[in-house]
Amino acid sequence: MIQLENVTKTYPKASRPSLDDVSVGIEKGEFVFFIGPSGSGKSTIIKLLLHEIGPTRGKVTVNSKDVTSLRSWKIPHFRRSIGCVFQDFRLLPNRTAYENVAFALEVIGKTKAVARRVVPEVLELVGLGGKEHRYPHELSGGEQQRVAVARAFVNRPLILLADEPTGNLDPDTSIEIMRLLDRINRTGTTVVMVTHDSNIVNQMRRRVIEIESGRIVRDQARGVYG
Amino acid sequence: MRVKYVLNEVLVGLWRNVTMTVAMIITMTVSLTMLGASVLLYMQVNQMKDFYYGEIEVSIFLREDVTEAQRTAINQAIDANPLVQSKTYETREEAFEKFKVLWRDSPDFINSVGPESLPESFRVKLKDPEQYAAFADQMQGQQGIQDIVDQRELLNKVFDIFNSIQVMALVVAAVMALAALLLVGNTIQVAAYSKRREVAVMKLVGASNWFIQAPFVLEAVAAGLIGSIIGFIALFVGKVVLLDGRLQALTNVLTPIPNGNVWLMLPLLAAVGAGVSAITAWITLRFYLKV
């Protein structure tokens, strides 16, 4: 599903690479944590998978597509198979929960009729039934992140990337979000989550890949934060 | 749905930044009006050249003390010259009649001049007006000639003036176009900034590039089109008010500008206005909306 082969990424003007000769494979339906201190290079992996940046060396394969050689005009279509959630939610403040999710469908060419059918369903799934017409500022942090998850999942992506999705949430709310991601994982969606929230990693007991200074130092099937 | 969405975004975009939109339209308008005027003038000069060069004459003015024999000799030389198509002879009296018509607004000036102050002349029409120099050379040897004047030289002076007006209009058009382009670039930057969240989400969920960029490009194109329409109206009004109205006297010299030529400016200005704005917007977006 996801393959990194000897991937090195050095940002311009950086003295050392953010990722240094990293090779890792993730199977379909896996739930994987990337952990490590700030600046270890774990967010770089998310950016590589989204093809926001390209690797300096090495090969990145996502959904059996070689991302490295992807023509730039094909990137948008490629991204439709990946959902993405961030620490700061990235919701549009002037749109309701429903409109935020529907926006993601409409801008990739889905009709309003499709949105009317699919959006309430996915909002129900993330536990926001009845709050469709609230604006982000009328929702709690946890609820806003649920909207973001709904938006990432509404297009039924094969992969869900989550970059510190619990970073702005209190522990109880974080666990609720994790349950949600777990439920999404059970539908067969591969989930890749970058975090340094040790509580969550320890509770979930999923595959843990630890990165330090751009290198993989641990890859454990049912790992803890360590 | 998508068309409606894009059009709505364009309208919202133009309105969100309305002072900038107005500035953009004004500079576009002035630039395109100048461009239109310049093109019209260019077409006009070509048309006038065709018209006047057919009518052109070479005037051979005779000296005041020309003798009968010399005049006859010149007359024969002209008749014998193979370059000549036709000729007329103009006496002092005839010259004075023309003079009176020409200066009919200044009777004092006419009164101070009599037929005796004006030279008699032969008016020669050449088969090919371009052959003036050869003809003048051949006639130069004759006695009793004061001066040989080619009207083409006079016309060329007039055309030179038109040409420089045309160049000036083009320069103004270019300078205003530069200002318009900078404004378009700036407007697009502001628009891209105010919609940065939407754009970020669109990129994230995989909206196609054209879908992200279309509203911005169309915003600039709309401003360009509005500018070209106002510019066209300005040209038309200018033509009606100035050439058909106040400066009608000039049109005796100017050969009238056909309305068809003015109408031709509408598609020209629209294409230039829309095309240039679209390209500028698109280039700006390449810097500000990296995928």
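**Figure 1. The loop around His51(A).** His51(A) sits in the loop that links helix H1 (42-50) to strand E4 (57-62) of chain A; helices (H or I, at least four residues) and strands (E, at least two) are DSSP runs numbered from the N terminus. This is a predicted model, in which local features need pLDDT of at least 70 and side-chain atom pairs count only at pLDDT 80 or more, while totals for chains, interfaces and linings use all residues. Residues are numbered from 1 along each chain as its sequence is written, and chains are lettered from A and ligands numbered from 1 in the order in which they are written. Although His51(A) is not a glycine, its phi is positive, about 60 degrees. Is His51(A) buried or exposed? His51(A) counts as buried because it has 21 C-beta neighbours inside 10 Å. Here a residue is buried if 20 or more other C-beta atoms lie within 10 Å of its own, exposed if 12 or fewer, and partly exposed in between, with C-beta atoms placed from the backbone.

**Figure 2. Arg156(A), in the loop between H5 and E7 of chain A.** Arg156(A) is not a glycine, yet it has a positive phi of about 50 degrees. Arg156(A) counts as partly exposed, because it has 13 C-beta neighbours inside 10 Å.

**Figure 3. Helix H5 of chain A, a mostly covered helix.** Of the 13 residues in H5(A), 11 are buried; among them are Glu143(A), Arg146(A), Val149(A), Ala150(A) and Phe153(A). What do the buried residues of H5(A) pack against? They pack against strand E6 (82-86), H3, helix H4 (112-125), E7 and H6 of chain A. The end C-alpha atoms of H5(A) are 18 Å apart, which agrees with the 18 Å that its 13 residues should span at 1.5 Å a residue. The expected span of a helix is 1.5 Å times one less than its number of residues.

Figure 4. H6(A) covers residues 171-186, and its 16 residues reach 22 Å from the first C-alpha to the last, close to the 22 Å expected at 1.5 Å a residue. Buried in H6(A) are Ser174(A), Ile177(A), Met178(A), Leu180(A), Leu181(A) and Ile184(A). An α-helix has 3.6 residues a turn, so residues three or four places apart point the same way. After H6(A) comes Gly188(A), with a positive phi near 100 degrees.

**Figure 5. The largest nonpolar core and a second, separate one.** A nonpolar core is a set of buried Ala, Val, Leu, Ile, Met, Phe, Trp, Tyr and Cys residues joined through C-beta atoms within 7 Å. The largest has 73 residues, and those with the most contacts inside it are Phe34(A), Leu49(A), Val101(A), Leu123(A), Ala150(A) and Leu161(A). Helix H3 (residues 97-106) of chain A gives the largest share of this core, seven residues. Leaving aside residues up to four places away in sequence, Leu49(A) touches Ile2(A), Val60(A), Val62(A) and Leu161(A); two residues are in contact if their C-beta atoms, placed from the backbone, lie within 7 Å.

**Figure 6. Where chain B meets chain A.** Here 16 residues of chain B are in contact with 19 residues of chain A. On the chain B side, helix H1 (2-16), helix H8 (196-205) and helix H9 (209-246) are the elements that give two or more residues. Which of the elements provides the largest share of that side? H8(B) does, with seven residues. By class, the side of chain B that touches chain A has 10 nonpolar, three polar and three charged residues. Ala, Val, Leu, Ile, Met, Phe, Trp, Tyr, Cys and Pro count as nonpolar, Asp, Glu, Lys and Arg as charged, and the others, Gly among them, as polar.
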